Amino acid sequence: MRKNVKQIIERLNEHYGTEYICYLNHENAWQLLIATILSAQCTDARVNEVTKKLFKKYDTLEKFANANIKKLEKDIYSTGFYHNKAKNIIECAKMLIEKYDGEVPSDIEQLTKLPGVGRKTANVIRGNIYHIQSIVVDTHVKRISRKLGLTKNEDPEKIEYDLMKALPKEHWILWNIQIIAHGRSLCTAKNPNCAECFLRDLCERSE
């Protein structure tokens, strides 16, 4: 397994590089937090389209905290699950202002106590804002990590811990970045291009 992981990482580095990239557009920590809440069951491209206008209309955390929920629902409608997302965004903004003076915390326990914030969202913040090595388990990471034999679990939190054991710590953030790129280009969910995949010989489920 260790030999395989080393080979997988070397090939991912070669094909996708080692630059830290965030696929959600943002200018600060609270914008990334809100964008990540919106990204649940939604593409990053769609979220970026929505936040382009959203962050101009609500250009402070206070404006989100005081937002009219019906108007906010309308603003984020196209991201799906807009009732829950609007409620969580308003409550999250209020909590950040009241408890953390408007600053987004870096501690995983504090982050996951914020409305609408699970481990995935918390780890996005920790990795992208605070550069704390952390593993983000999204749909690409879940699917492809299982195909590569790095986990057999379905539960995202269990997958996160499996990957923490399997991967060197310095590669935790990069894993998400590279696997998203791989999941969008070659190893797509519906039609994986196994014939062209540079990881085919290391994949347990290549076709």
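Visitor: Where is His-131 in this fold?
Guide: In this predicted model, His-131 sits in the loop between α8 (119–128) and α9.

Visitor: And is His-131 buried or exposed?
Guide: His-131 is exposed, since its relative accessible area is 57% and the cut-off for that label is over 50%.

Visitor: What about the backbone there, what is the phi of His-131?
Guide: The phi of His-131 is positive, about 55°, although the residue is not a glycine. As background, most residues other than glycine have a negative phi.

Visitor: Which loop holds Phe-81, and what is its phi?
Guide: Phe-81 belongs to the loop between α5 and α6, and Phe-81 has a positive phi of about 50° without being a glycine. At 56% relative accessibility, Phe-81 counts as exposed.

Visitor: Let's stay with α5 and α6, then. How do their axes cross?
Guide: The axes of α5 and helix α6 (residues 82–100) come within 9 Å of each other and cross at roughly 120°, which makes α5 oblique to α6. The crossing of α5 past α6 is right-handed.

Visitor: Which residues make the contact?
Guide: On the α5 side they are Ile-69, Leu-72, Glu-73 and Ile-76, while α6 contributes Tyr-82, His-83, Lys-85, Ala-86, Lys-87, Ile-89 and Ile-90.

Visitor: Buried or exposed, for each of Lys-70 and Glu-73?
Guide: Lys-70 counts as exposed at 57% relative accessibility, whereas Glu-73 is buried with a relative accessible area of 9%.

Visitor: How many salt bridges does the structure hold?
Guide: There are eleven salt bridges in the structure. One of them joins Asp-44 and Arg-184, whose closest N and O atoms are 2.9 Å apart. That pair links distant parts of the chain, with Asp-44 in helix α3 (residues 44–57) and Arg-184 in helix α11, 140 residues apart.

Visitor: What is the accessibility of those two?
Guide: Asp-44 counts as buried at 15% relative accessibility, and Arg-184 is partly exposed with a relative accessible area of 44%.

Visitor: Since α11 came up, how does its length compare with what it should span?
Guide: Helix α11 runs over residues 172–185, and at 1.5 Å a residue its 14 residues should span 20 Å, which agrees with the 21 Å between its end C-alpha atoms.

Visitor: New topic, where is Pro-105 and what does it touch?
Guide: Pro-105 is found in the loop between α6 and α7 (108–111), and at 7% relative accessibility Pro-105 counts as buried. Not counting residues up to four places away in sequence, Pro-105 touches Leu-96, Tyr-100, Gln-110, Leu-111, Leu-114, Ile-125 and Tyr-130. The C-alpha atoms of Pro-105 and Arg-126, 21 residues apart along the chain, are separated by 8.7 Å.

Visitor: Last one, how are α2 and α6 arranged?
Guide: The axes of helix α2 (residues 29–38) and α6 come within 10 Å and cross at roughly 155°, and the two helices are therefore roughly antiparallel to each other. The contact is made by Leu-33, Ile-34, Ile-37 and Leu-38 of α2 together with Lys-85, Ile-89, Cys-92 and Leu-96 of α6.

Definitions and conventions
Residues are numbered from 1 along each chain as its sequence is written. This is a predicted model: local features need pLDDT of at least 70, side-chain atom pairs count only at pLDDT 80 or more; totals for chains, interfaces and linings use all residues. Side-chain values use heavy atoms; hydrogens and water are left out. Helices (H or I, at least four residues) and strands (E, at least two) are DSSP runs, numbered from the N terminus. The expected span of a helix is 1.5 Å times one less than its number of residues. A salt bridge is a side-chain nitrogen of Lys or Arg within 4 Å of a carboxyl oxygen of Asp or Glu. Buried means under 20% relative accessible area, exposed over 50%, partly exposed in between (1.4 Å probe, protein chains only). Axes are lines fitted to C-alpha atoms, for helices over the stretch in contact, and angles run from 0 to 180 degrees between N-to-C directions. Angles under 35 degrees count as roughly parallel, over 145 as roughly antiparallel, 65 to 115 as roughly perpendicular and the rest as oblique. A crossing is left-handed if the near helix is turned anticlockwise from the far one by less than a right angle, and right-handed if clockwise. Contact means heavy atoms within 4.5 Å.
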